[in-house]
Amino acid sequence: MFETIIGLEVHVQLNTKTKLFCSCPTSFNHRQNTNTCPTCLALPGALPVLNEEVLHKSIQFGTAIEATINQVSYFDRKSYFYPDSPSAYQITQLYTPVVEHGKLRIDLEDGSHKIVRINRAHIEADAGKSIHDGEISKVDLNRAGTPLLEIVSEPDMRNAEEAVQYLKKLHSIVRYIDISDANMQEGSFRVDVNVSIRPKGDEKLYTRVEIKNINSFRFIQKAIEVEVSRQIEAWEDGTYDEEIIQETRLYDANRNETRSMRGKEEAADYRYFPEPDLKKAVITNEMLKTYSQIPELPDQKAKRFVEEFGINEYNASVITSTKETAKFFEDMMEEGISAKNAVTWLTVELPARFSGGMDITTSPVDAKKLATLVKRIEDKTISGKAAKEVLDYIMQNDEDIDTVIEKLGLKQVSDTGAIEAMVDEILSKNQDKVEEYKNGKEKLFGFFVGQVMKASKGSANPQAVNEILKQKLS
Ligand code: ZN
Ligand code: MN
């Protein structure tokens with residue numbers, strides 16, 4: 001039996017207005033090489049100046065993961081040559097990261113929780129982008145010098161599910177505290193996975209393989225699973241020592257396999273040394289005080305939802321997994337509906353109608369509308385079944401709920417007079433069955449209910465029908 005050891009490194013692109021060491025804008029999708037200056041182009045003589053906003057965001061993150069925030073930290077040079085890095089080094093923090101020793105609580109499918117330790121989060125500058133265009137490669141330096149927070153976990157995860165849950169929680173937190181848009185497709189939340197295996201019970205760590213730049217949670221899950229199988233197979237075949245080497249691999253989603261990209265460098269290969277062009281980064285007590293005020297985090301929100309609205313822990317964690325869903329739920333609750341119904345319509349009925357990449361942020365039905373729909377079930381204007389029809393309709397048409405109910409003729413008849421008339425008619429048409437019922441064939445009650453509902457074309461309030469039938473038949 002083998003055990004899997006997983007550690008994760010995540011590069012989060014901070015959503016500061018300007019770059020890490022110059023005043024160029026950080027915006028995405030601008031014309032190539034327009035957001036550049038002598039500093040981020042690494043022209044001789046241009047000096048970096050630290051953007052304080054980056055320290056603010058680092059403090060917010062450190063606070064969110066209950067970490068130590070180092071009020072004095074330093075920058076180091078990591079030397080390597082890449083066409084998209086004009087300085088031929090990266091400014092990072094090797095020896096003293098701004099944030100150290102944090103933790104993250106993850107929620108597992110079986111309802112249990114686990115604490116994953118975070119070793120550190122350090123500030124570093126991003127490189128530019130290489131664009132490969134047939135025979136030619138081009139370099140776009142708009143991204144060069146964009147601030148990153150590299151968040152490094154301890155190797156505390158034991159399977160792909162734990163790794164994905166860790167990443168989802170981390171993703172959710174950086175969005176809650178608004179330090180990054182964390183868009184995985186656009187590369188503002190880049191995940192590197194370190195995977196190794198060992199025989200269960202063994203304390204030693206074996207060779208770890210790094211899988212780089214996987215851009216969706218689903219692919220991360222698959223990449224880990226397929227890499228773990230490769231390592232176990234090699235162990236069982238007796239080829240582990242030759243085949244499993246410390247290296248960087250790429251995940252190929254089309255073939256569902258990992259492939260060697262390059263040998264993993266050791267720290268010494270990077271010739272790290274203290275960055276001579278920058279002073280130490282200092283966080284004053286004042287800054288620490290101001291920026292450790294952060295919004296309510298997903299775990300706190302979930303706990304509050306359980307206490308305030310009486311929903312269960314599982315539903316609370318689903319609803320708070322993104323701040324947008326949590327806000328949607330709270331907006332629904334503003335309308336005074338039951339929490340249980342809000343949860344069902346928000347987490348089951350609405351998403352079931354999403355298509356083509358739609359999500360809660362782009363849903364054509366907003367919180368107020370969905371809550372109004374639920375309210376119409378609760379005040380017995382329509383049945384739950386009719387409400388689904390209304391929802392189908394308003395997903396396509398931007399119309400008022402009550403107008404749609406009217407238009408589709410879904411209004412439930414609760415007027416007892418009208419129902420009584422229908423009941424009388426059904427009973428007089430079925431004298432023989434009424435006799436049978438009175439002689440003890442109680443199963444026929446369902447038949448009468450069905451007939452009345454049918455006569456009303458489904459619009460009669462079933463509760464009222466039941467009551468009136470009981471009266472008349474007794
Ligand atoms: Zn610049
Ligand atoms: Mn890095």
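**Manganese site, cores and a helix pair**

Colleague: Is Glu-124 buried or exposed?

Modeller: Glu-124 is buried, at a relative accessible area of 3%, where buried means under 20% relative accessible area, exposed over 50% and partly exposed in between, using a 1.4 Å probe and protein chains only. This is a predicted model, in which local features need pLDDT of at least 70 and side-chain atom pairs count only at pLDDT 80 or more, while totals for chains, interfaces and linings use all residues. Residues are numbered from 1 along each chain as its sequence is written, chains are lettered from A and ligands numbered from 1 in the order written, and side-chain values use heavy atoms, leaving out hydrogens and water.

Colleague: Which residues are the protein donors of the manganese ion (ligand 2)?

Modeller: They are His-11 through NE2, and Glu-124 and Glu-150 through OE, lying 2.1 to 2.2 Å from the ion; donors are N, O and S atoms within 2.8 Å of the metal (3.2 Å for Na, K and Ca), and with water not among the atoms, sites may look incomplete. Glu-124 sits in strand 7 (residues 113–125) and Glu-150 in strand 10 (residues 147–153), so this pair, 26 residues apart, links distant parts of the chain. Helices (H or I, at least four residues) and strands (E, at least two) are DSSP runs numbered from the N terminus.

Colleague: And Glu-150, buried or exposed?

Modeller: Glu-150 counts as buried, at 9% relative accessibility.

Colleague: Switching to the largest nonpolar core, which residues touch the most other members?

Modeller: Phe-61, Tyr-166 and Phe-189 do, out of 65 residues, a nonpolar core being a set of buried Ala, Val, Leu, Ile, Met, Phe, Trp, Tyr and Cys residues joined through side-chain atoms within 4.5 Å. Helix 2 (residues 160–176) supplies the largest share of this core, eight residues. Another core, of 37 residues, lies apart from it and includes Met-332 and Ile-382.

Colleague: How do helix 8 and helix 10 pack, and at what angle?

Modeller: Helix 8 (residues 323–333) and helix 10 (residues 367–378) pack at about 45°, with axes 8 Å apart; axes are lines fitted to C-alpha atoms, for helices over the stretch in contact, and angles run from 0 to 180 degrees between N-to-C directions. The two helices are therefore oblique to each other, since angles under 35 degrees count as roughly parallel, over 145 as roughly antiparallel, 65 to 115 as roughly perpendicular and the rest as oblique.

Colleague: Which residues make the contact?

Modeller: Phe-328, Asp-331 and Met-332 of helix 8 meet Ala-367, Leu-370, Ala-371 and Val-374 of helix 10, where contact means heavy atoms within 4.5 Å.
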